[in-house]
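Visitor: I would like to learn how to read a few features of a protein model. Could you take me through them one at a time?

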Amino acid sequence: MTIRNASVRSIGILASPLSVEGIDDGDLDGYVPRDILLNGTQIIIPYWLDPRPMDELWVELAQGDVVTRLYTEFYSPPQPAKLYFRLTPAHLATDGIAFLSYKVWKASGGNSDPSPERKLTIDHRPIVVLDEPEFPHATLWGYLNNKTVPSLTSGATVLVPTAGGVAATGDRAKLYWQGYSSLNGSGPPVPETFGEWEITLEQKHIDAHWQFVVPFEPNIKPLIDSDSAIARWQLHKGGRLYGESKKGLVKIDRVIPGETGPFGLNTQGDMEMSFKLQPQKIRPFSMGVKEIGPFSAITVDTLTDNYIAKSVLDSGTLVINLDRTADEEEDDDVDVELRVKGGVFKVIGTIPLGPISARPAGKIPLEVASSHFPELPTPVDPTTYEIQLKVYKGGGGIEDPSNILEVVIDQTAPFHTKNPRREVRPTPPPVFVNKPTDAQVTVTEAWMTLPANVNVNCTVPTGYPQRRTADDEVSVWLRNATQSVLVFNGPVPDTGAISFPNTELRKFPPRGRVNIVQQYKDLPGNLSLESAPIAFLTLALAQAPVANKAPLVPRTDPNYTTPLYLDDLAGGISAIVESAFIDNAETGDQIHITIEDAFDATVFVDLDPQPWAGANLTFPLAYADLATVFDGASEPKNVNIYYTITRTGMTTDVQSPIATFILAFDYAGPVNPDLPDLINSELVLPVVTGASNTANNLLPGDRSQAGKFKVTFKLSDPPITPEQTATCYINEIALEPYVPFVDETEFQVDIPARVVAGLTTPSVKARWTIQKSGIDKNIMRSMEETVLVAGLPIPLPTPTVRIRKPDTRPYIECYAMNSPTSGYDLGLMIPKDPLLPAGKIIKVHFEAHRNATGTDLIANTKVSADYTIKAADVPDFALTGTTPAVFKAAQPARGAVAYGKYWYTTDINGEQSSVPVVRLIDTISTSFTYCDGTAAPAVAP
C-alpha cells in the first residue's frame, strides 16, 4: 500500500484549473445553467506536465462536509491535451454550493497535486415565466413584409415587455432570435438566422417596455417566402438563469405577389390590389377649362422638416397616401407629377386605382419607386422635391389636381461630400479636455478620485460638412484590442462638449492603452463612417483584487474538519485571512469576514472589517457572533466562512472561496444563561447524605458506610434522557456515571464507603455535570454545594445499666432505675475514660424496640437527655429521662416482649457515638405490678 501525504505538495506536477463545459470560467460563482442541471455536461481537465506511467487521477465533488470521488483513472503518456469526464444530473442533484477539483498522484504514489477548486452553485428552483416579446411593426395578421415601416432592410423591431417586479438594475437580459422555413416556427431552423444579444438592465428597462432591432443581415435576409421567426428572452441574476419568456412568433414574407384578382389575399394578409406606378397614360389634348384646385389631398410620412427617412429610400418605395375622392368611378387613375423645387412638373407615370370595391377605406397608398427622388450633387444643401397628383375620373375627363407636397431628400452622411460623392472619416478626433498632463495621458486612481474628474470631458468636432445643427447625433466609443464601450450617444452639442462618467473606464482591463472612435448620424438616418481609432488615454488603475483562499480557522484544522465547541472559546479563537493568497490588494481596501448558515444564507454575521495591510489579518471569533449563526440549534451545524474585499470606486466586491466548518454549540440540560461559561447556574444543587440520612452532613457514624448523591430537577427543567450522561463529583472525585433507560426528572448514585471514609474535614464540595453521551465537549457543570464532613468514628467506652444478676438475667429491670425506682428514670453508668474528661457534655439516649436488633421502634419510647461528666472520683450515673409512660408503652400488658436500646453521643471532632446496647426489658413483677406498684393488665388496653 502506498502512503500518501496530502500535506506535501509535489513539485513535478502543476495542476491547472479544470473547466466545466457550458459554465463561463469568468463566472466565479459557477452558476449551473438549467439545461446542464437537466442534461449534464463535461468536466475538462488539461493533461498535466511531466506525465509518468500509471499516473493516478481522482476527480472529486465536495458539498458541505461530504466529499464524493466521481472518478478514479490511471493514465500513461502519451495522452490528448485534455481529458473529459461526464458531470451527470445525478452529480448535481443537491442544491447548494459545491466544489469540483481533481488530484494527480505521480506514478500512483508520492505526493498528491491538487487542482484549484471550481465553485459550482446548484439551484433547481423553477425559473420565472416571463411575457413573450412582441413585434410592434407586424400587421394585424402578424406579418413582417415589404410594406413594413420602417423597412425590414433596416431590421426587425422586437418589443421586450417590462420586467418590473422581478428585475433589478444590473441584471442581464439575453434576447434570442431564430428563423424557420415555416409560418408557425416549426420544422428545421434556418441556421444562419440565429442571433443572441445581451444587455445589462438599467432603470429604464425596468420601468417600461424596451426595443431591440434585429439586424437584417444575417438574421432576416434568408427569410423570404412563407417563413417565420421566434424570439424569446431570458433574465439572469448574477450567473443564475432567473426567468425565461414564452416564445413570440412573427411571420415573414417578402415575396411581391402577382395580381391574381381584386379580392384575393396575398400571404401577408393584405389585399393583392397593388397601387403601383405604371408608364404614363397618353391622354387626349383637352381644350376644357382647367379646374381650380386642389381637390384631392395627398400626404407622405416624413420626418422633421419634410425629410424622408433613409430606411424608406433604401426600401426602394415611397408611399404617397391619396384621400379617396367623393365621386369615384371604376376606371379612375392618377398621374404622378414630380419636380425639383423651383423647376417644372413632369409626369413620371400613371397609377390605375382599379375597381372601387378593391380600394382601401380612407386613404389609397400609391407606391412610387424611390429612385425617382435622387439627391442632386449640387448645391450642397439637401434636394427638395415637389409632388402633385392629378386624378382622372374614369381614366379621362377633367383632371382633379392634389395639393403640392414637398419632400426633402438627404442621402449624404455627415462628413461626406456630394460633388464629387466621397465618403470621409470623421476628423479631427475628440479632444480630452481634463486629461492627465503626462505624455502618455495616464489615468491613475489619484486622477479618478479628483472631484474635477468625476466625468471625462471631451470636445467633438462641429464644423463638418453636411451638419444639421438641430438633429445630428454622435456616438463615441472607447476601445482596446478586444473590447468596445459606447460612452456617449446623443445630439451633437453646438459647442461640441460631451462628457461621460469616469466609471466607464473601469469596464476595461485596469492597465493598457485605450483608443477613441466617433461616428455621426443625421436626421434621415445617414451614418458617417467610423473614425479611425486614435490613442486617447493609458489606463494605470488599481487592478481588481483576487481572493484565492477562504479564511483559515486554525482551531478547525485539518481542513476545517474539527468542530468548534464551547470549550474552545475559553482560550480565544480566531480566523486568519492569509495575505499570501490575495493578489492585487491596495492600501485602503477593506476585508470583511462573513459567517453564515451553510443551508440558510439569511442567517449570518459580518465581522468588523479590517484594512488591508499587506500582512495576515486576524479576526477574533467572538461567541456572540458565532451564536448568532448557530441560532440555538439542538445539533451541530455546518457554517460557511468567507471574506469579501471592498474598495472605494469598485462596483463589484470580490469574494473569496467558501470554506465550511462545524459549530457544535449544542449541550444537555436546561438553558445556560451564562454561555459560553460551562458552569450552568440553572442546574440544581445536589443533596449528599450518609447512613444517618442527614442532608449534606456526613456524621462520624456515616464515615464508614456508603452514602448517596441525589439530584432532583426543577419542574421547568428538561429531564435527563438515555442519550445523555450525568457525572457526580464529591471532593472532585468522580462517581460512577449515570445514564437513564428512560427520561427521568431525578437520579441518585452511590458514594462508595471508601470514598466517604476518605473525605476531609470539616467540609467538601459536591457538584455534577451533564453532557451528550459520547462527546466529552460542552459539558455543563453545576455550581458547588458544601457538604459538612465529621471526623472518623472514635471508640467511646460502652455504657452499662445496673443489673442485679448479670449472669442469669441481663435485663433492664426496675433495679436499673434511679431511686426511687417508681420514677422509672433509667440511668446509664458511663465508664471513666480520657476521652470523657470532667465537664464533658454527653447526650444519653434510650428507646424501646420490638426486636432484639433494635430496629423496630415502639412508639412513644424514644427519649434523650444531656449529662455532664463528673470528677474522676465521682461515678457517672446519667439519667436518660425515661418515665413510667415510656416503659408501660414498651410493655403494655403481661407477657409483652420488648427490648431497650441505649447509648450516648458527644462531640469529639464531630459527633461521636458509643455502640448501642440492646437488652430485654422486664419491669413487671411476679405479682403483675409495674415498678411504680400499679397493676399490669393481662391484655393491652
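Visitor: How many disulfides does the structure hold?

Guide: A disulfide is a pair of cysteine sulfur atoms within 2.5 Å. The structure holds one: Cys 814 and Cys 931, with sulfur atoms 1.4 Å apart. The two cysteines come from distant parts of the chain, 117 residues apart. Cys 814 is in the loop between strand S55 (785–789) and strand S56 (827–830), and Cys 931 is in the segment after strand S62 (917–920). Strands are DSSP runs of E with at least two residues, numbered from the N terminus. The link of Cys 814 and Cys 931 is left-handed, with -90° about the S-S bond.

This is a predicted model, where local features need pLDDT of at least 70 and side-chain atom pairs count only at pLDDT 80 or more, while totals for chains, interfaces and linings use all residues. Residues are numbered from 1 along each chain as its sequence is written, and side-chain values use heavy atoms, leaving out hydrogens and water.

Visitor: Is Cys 931 buried or exposed?

Guide: Buried means under 20% relative accessible area, exposed means over 50%, and partly exposed is in between, using a 1.4 Å probe and protein chains only. Cys 931 has 14% relative accessibility, so it counts as buried. Cys 814 has a relative accessible area of 21% and is therefore partly exposed. Cys 728, at 0%, counts as buried.

Visitor: How many aromatic pairs does a search of the whole structure find?

Guide: Rings of Phe, Tyr and Trp (its six-membered ring) pair if their centres lie within 6.5 Å; planes under 30 degrees apart are stacked, over 60 edge-to-face, and the rest tilted. The search finds 21 such pairs. One of them joins Tyr 176 and Phe 194, which is tilted because the planes meet at 35°, with centres 6.4 Å apart. Tyr 176 lies in strand S12 (residues 172–180) and Phe 194 in strand S13 (residues 189–200). Tyr 176 is buried at 11%, whereas Phe 194 is partly exposed at 41%.

Visitor: Which residues form one aromatic cluster?

Guide: Phe 713, Tyr 738, Phe 747 and Trp 768 do.

Visitor: And how do I read strand pairing?

Guide: Two strands pair if DSSP finds at least two bridges between them. Strand S35 (residues 534–540) pairs in the parallel sense with strand S29 (residues 442–444) over three bridges. S35 also pairs with strand S34 (residues 511–521), in the antiparallel sense over six bridges. Leu 539 in S35 stands opposite Val 443 and is the bridge partner of Gly 512.

Notes. Helices (H or I, at least four residues) and strands (E, at least two) are DSSP runs, numbered from the N terminus.
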